[in-house]
Each structure stands twice: as C-alpha cells, then as structure tokens.
Amino acid sequence: RPGEGIDQLRDVYWHQVVAQCDRAGLQYTRYNTFAGIEFAAAAINCDTSGYPLVRYYVGAGLNAGVEWDFTVLTSESDFDAYAKQYFNPMLKSLNIYANP
C-alpha cells in the first residue's frame with residue numbers, strides 16, 4: 001500500500017486479524033522497535049461466542065518500503081504473564097535477515 005505509514009498499516013492489519021471476532025475492542029496502541037524496525041502496535045480484545053476472551057498484540061512496520069507484521073495472542077487472563085515470560089523476550093530477539 002504505497003504511501004501508507006505504519007499507523008495506517010497497523011490499523012488495516014489489526015482489523016484483518018480480528019475479522020473472525022464477534023466483538024473486538026482496541027485496548028491501546030504503542031510503538032516498539034524490534035530488529036531495528038519501528039512498529040506501530042495495538043492490543044485488541046477479541047470476544048467470540050463459546051471461546052474465552054483473547055487478546056491479540058499486533059504490529060506493523062516498514063523496512064526499506066517492505067511491510068513486516070507480527071501477531072501474538074493468548075487468553076486475556078494470561079496475556080500479561082505470557083507477555084513478560086514469552087512474548088517480550090521473543091520479539092526482542094527478532095532478527096530479520098531478508099533482503100527487501
């Protein structure tokens with residue numbers, strides 16, 4: 001999507017990710033830098049009938065004009081503990097070796 005910044009890319013991406021939810025609510029947005037790329041990120045709750053409430057944490061970034069996205073998710077009740085134990089270290093260790 002030429003001309004779009006990371007905020008617009010993030011918004012398009014998170015709407016695609018939660019399209020299967022009966023209801024979705026944006027909790028917060030923030031910026032993170034992983035692998036030397038700035039990502040616009042969002043935390044979104046997803047409510048789907050018959051399933052526990054989940055939280056997605058998604059991000060979109062640009063590197064030399066190429067979009068990079070990430071998604072992590074777990075139940076809402078476990079998200080903070082899993083973010084600290086698994087998601088944050090995993091994202092901080094991210095390396096992108098691809099040649100844009």
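The questions and answers below set values against definitions.

Analyst: This is a predicted model, where local features need pLDDT of at least 70, side-chain atom pairs count only at pLDDT 80 or more, and totals for chains, interfaces and linings use all residues. Residues are numbered from 1 along each chain as its sequence is written, and side-chain values use heavy atoms, with hydrogens and water left out.

User: Why is Thr74 called buried?

Analyst: Buried means under 20% relative accessible area (exposed is over 50%, partly exposed in between; 1.4 Å probe, protein chains only). Thr74 has 13% relative accessibility, so it counts as buried. Thr74 lies in strand 4 (residues 66-75). Strands (E, at least two residues) and helices (H or I, at least four) are DSSP runs, numbered from the N terminus.

User: What does Thr74 contact?

Analyst: Contact means heavy atoms within 4.5 Å. Leaving aside neighbours within four places in sequence, the partners of Thr74 are Val54, Arg55, Phe79, Tyr82 and Phe87.

User: What makes strand 3 largely enclosed?

Analyst: Eight of the ten residues of strand 3 (residues 54-63) are buried, so the rest of the structure largely encloses it.

User: How do you know that strand 3 pairs with strand 4?

Analyst: Two strands pair if DSSP finds at least two bridges between them. Strand 3 and strand 4 run antiparallel, with ten bridges. Ala41 stands opposite Gly59 in strand 3.

User: Which residues make up the largest nonpolar core?

Analyst: A nonpolar core is a set of buried Ala, Val, Leu, Ile, Met, Phe, Trp, Tyr and Cys residues joined through side-chain atoms within 4.5 Å. The largest has twelve residues, including Phe34, Ile37, Tyr57, Val72 and Leu91. Strand 2 (37-47), strand 4 and helix 2 (79-92) each supply at least two residues of this core. A second, separate core has eleven residues, among them Val17 and Cys21.

User: What lines the largest pocket?

Analyst: Helix 2 gives the most to the lining, with seven residues. The lining divides into eight nonpolar, two polar and four charged residues. Here Ala, Val, Leu, Ile, Met, Phe, Trp, Tyr, Cys and Pro count as nonpolar, Asp, Glu, Lys and Arg as charged, and the others, Gly among them, as polar.
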